[in-house]
Amino acid sequence: MQTIYTDFLVVGAGLAGERAAVQAADAGFSAICLSLVPARRSHSSAAQGGMQASLGNSVMGEGDCPDVHFADTVKGSDWGCDQEVARLFADTAPIEMRRLAHWGVPWNRVVPGKSIYYKGGKQFEKVEAEDKEGLIMARSFGGTAKWRTCYTSDGTGHAVMCTMDNRCAEKGVEVHDKTEAIALIQDGETCFGVVARCLRTGELRVYLSKATMIAAGGFGRIYPNTTNAVICDGGAHTMCLNTGVVPMGNMEAVQFHPTGIVPTDILVTEGCRGDGGTLLDVNEKRFMHEYEPDKAELASRDVVSRWMTHHMREGHGVKSPYGEHLWLDIRHLGEEHITGKLREVYEICTSFLGVDPIHQLIPVRPTQHYSMGGVRTNKDGAAYGLKGLFAAGEAACWDMHGFNRLGGNSLAETVVAGGIIGRKIAEYLEGSETEFKTSLINDEVRKQQSRIDALVNCTNGSENVYKVRKAMQDALHKGANIFRNQQGLEACVAELQEALIRSKNVGLRSDGKGVNPELASALKLEGQVKMALMVAYGALQRTESRGSHNREDFTARNDRDWLNRTLAYWKNTDDTLPTLEYEPATEVVEIPPGDRGYGKSEIISADTPKGKGKKGK
Amino acid sequence: MSRLLKFNIFRYNPEDTQSEPHMQEFVLEETDSMTLFIALNRIREEQDPSLQFDFCCRAGICGSCGMVINGRPGLACHTKTRDLPGEITLLPLPVFKLVGDLSVDTGSWFREMYTATESWIHTDKEFDPTALEERMDNKDAVAIYELERCVECGCCISACGTARLRDDFIGAAALNRVARFLIDPRDQRSENDYYEIIGNDMGIFGCMGLLACEDVCPKHLPLQNQLGFLRRKMGITSLKRIFKK
Ligand SMILES: Cc1cc2nc3c(=O)[nH]c(=O)nc-3n(C[C@H](O)[C@H](O)[C@H](O)COP(=O)(O)OP(=O)(O)OC[C@H]3O[C@@H](n4cnc5c(N)ncnc54)[C@H](O)[C@@H]3O)c2cc1C
Ligand code: SF4
Ligand code: SF4
Ligand code: FES
């Protein structure tokens, strides 16, 4: 069996992972990124809309600065974020955008003079300043006070990913693609690397490293309807929770995006609404401005998704063979805009729907989109529980997003966090010496090999991996969706516990030889069900509504009892529920909890004396 | 009743000593809005869980799912079955190394290409975190992005006669990459530097100009223009070099 040594090992070659690797390489350390797919196919490349940084170059961004970006981010999070981290983020984002420009990103630039833009279906005019010509341009996104989203047409993620991967090639950062990490090598105190499975041959391989980072993206595929790529399956998270000592933060905070297309849940960017697209109901009438007079379509995603669902429940949805949906209207933006700045949207509509958005409405519904929860880290990106383990990007709960992240803040987070944490890792590597115990490594490899053998030989049973996966997805869809309540969540937890038992009895139908995709799915299934339980059980305990977590039976945001972060552990493999602990949402308070200015504003303030409403166990 | 689709799918698992390359038939009932992504996943989940193929974004943006669909390289995720006849033949992309069934190794191929073309901005300027960004004309930015839209699916390479004949030919995707840096004002490489990379039979002079590449490119990249542009540039550079000698 092959053993590969490196100073810095990154599980994931998306923007967060590669950015951190470049930083470590700049400091003179060897770095390897593992990835299921070639780096540029990582989900970062699917991001269309853009990334936020308060450059303030556009006339509509005038007066913008890190303070305003910070305030938007904290409000967006519904005060669930770590404010120290949000501050670090807002301050660093402009520098990182400029750095990306230096490295090769073809950002759209300011063109001085008159141009028109749309808001709420109406046409307006703006005049870009002469002295800003050629600086990085920005567009509007939901939940932001200013135009702050830097973009390259609507292929921002793709363009930034290309540049970052080029930078890795230049700096000698290796990317081992078609390689899947399946277990951490650790002794309960320190992490020494991973056992991985080669997706070219099916063989196991050991990676040993002084520092290991989880930058494996989101885990939306535990839901049946999601905008996420098929590789966003949480496999890397499950190897962390399997250690028993690394907690997941805020797993109940799941973002649903307002505009997934029906039926395939492919995303059309928030840029559609940012650029002036409107949402229409079955009567082709606008409705968002009735619920949100001020922000309308441009309130934060949690708010828009909720009103859309509400509006459909009130009987204004469009019936279709795939369930109800609403319409997105961008026709008034005109052909040039749609085939230029929204070309990906145009292509998605024509190739996947057979809809021409220049003349026709786009069928949309809210769908799972982003995981605010993930491997809990401190502000330096170090994971709780294990020395030498770090996390960044969507996989992490670094926690600048709290209970709802703003559009454009995630892609920006990947490079900002990757840079900051990469620097911290270089410092850590500077002062660290590691000894690799062969017995520890051999034990882990043996354990993984026997798991594989048991699956291939159906030693524990012959449950069908795809059927159990479906049972898990359906349970979450029914019970832990946009609107949640006690009854639904209890049923969901019970169904997931059943799925957990079944997941332990999975056996393959195929022979498991070589790369075998069925084996790959089976290896992570039990862990996925455990993650689903962290989502549902965490949501059941959290008896309030905050950001994307919306309880119909506890409609207020309860700062008195719930201004905290859930930490979910899976302490023993045989447990049937996660162990939940809580910590304060933020130690540093720059902006005390208040009204977001959009969405509903029922708040039980932290100063309210204790009445009913219990604290989670 | 909807159509019954007949799929002929190439099967071979190089990691299984018993496996021989062959075609296997699967039958599936067509559903509304069915794409090859939906069809292949159903075949795997319901009929043969060992079937290997690659999808990632399933939205036509990552380039994972290139394969030969009824004789033509294309992206499987945005191919709708309703646009195909009732009998569908699927083969892995040629040129690239086969991983198994419909899955090929595009990653290694493209990684070699980055090294060969030095696919990054060459500049001696240092980044200054305290300064404003360097200005750039929006037209230049848009033109660069236009070429950077390549998703590295490998379709153009697989459709290219030259690439099939000689494995050292760098292919349309690589030439397009060179053009991307050539027009970037931030890249300080000279035409002579590029000539070192592509001014030979492995590069621009190996291209026979038959343009199968542009026909199959799912992102509709203007490959023809780029090839012409490079041929002219490199032709002139070549003449200059001859006269200098
Ligand atoms: C359709 C869509 C559009 C979006 N648009 C925007 C936008 O406009 N603006 C914005 O800010 N955000 C956007 N987002 C969110 C944003 O794109 C992601 O949150 C972000 O790119 C995540 O980056 P990452 O580096 O954390 O992970 P990813 O880019 O997802 O990379 C994950 C990496 O981990 C690897 N990996 C996973 N598991 C394993 C394993 N077990 N072993 C080895 N490797 C593994 C993968 O192969 C991949 O390389 C969008 C998201 C979606 C789904
Ligand atoms: S034009 Fe050149 S690169 Fe394109 S297919 Fe023909 S030979 Fe290949
Ligand atoms: S140029 Fe077109 S066909 Fe070739 S790899 Fe890129 S996207 Fe695919
Ligand atoms: S799966 Fe991404 S392009 Fe087809």
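Select Val68(B): Val68(B) stands opposite Leu91(B) in β5(B). This is a predicted model, where local features need pLDDT of at least 70 and side-chain atom pairs count only at pLDDT 80 or more, while totals for chains, interfaces and linings use all residues. Residues are numbered from 1 along each chain as its sequence is written, chains are lettered from A and ligands numbered from 1 in the order in which they are written, and side-chain values use heavy atoms, leaving out hydrogens and water.

Next, select β3 (66-69) and β5 (87-91) of chain B. They run antiparallel, joined by two bridges. Strands are DSSP runs of E, at least two residues; helices are runs of H or I, at least four; both are numbered from the N terminus.

Now show the whole sheet. Five strands of chain B form an open, mixed sheet, ordered β2-β1-β5-β3-β4. Two strands pair if DSSP finds at least two bridges between them. The edge strands, β2 (22-29) and β4 (72-75) of chain B, each pair on one side only.

Move to ligand 2. Its surroundings include Cys160(B), Met208(B) and Leu227(B). The shell holds nine nonpolar, two polar and no charged residues. Ala, Val, Leu, Ile, Met, Phe, Trp, Tyr, Cys and Pro count as nonpolar; Asp, Glu, Lys and Arg as charged; the others, Gly among them, as polar. A residue is near a molecule if one of its heavy atoms lies within 4 Å of it.
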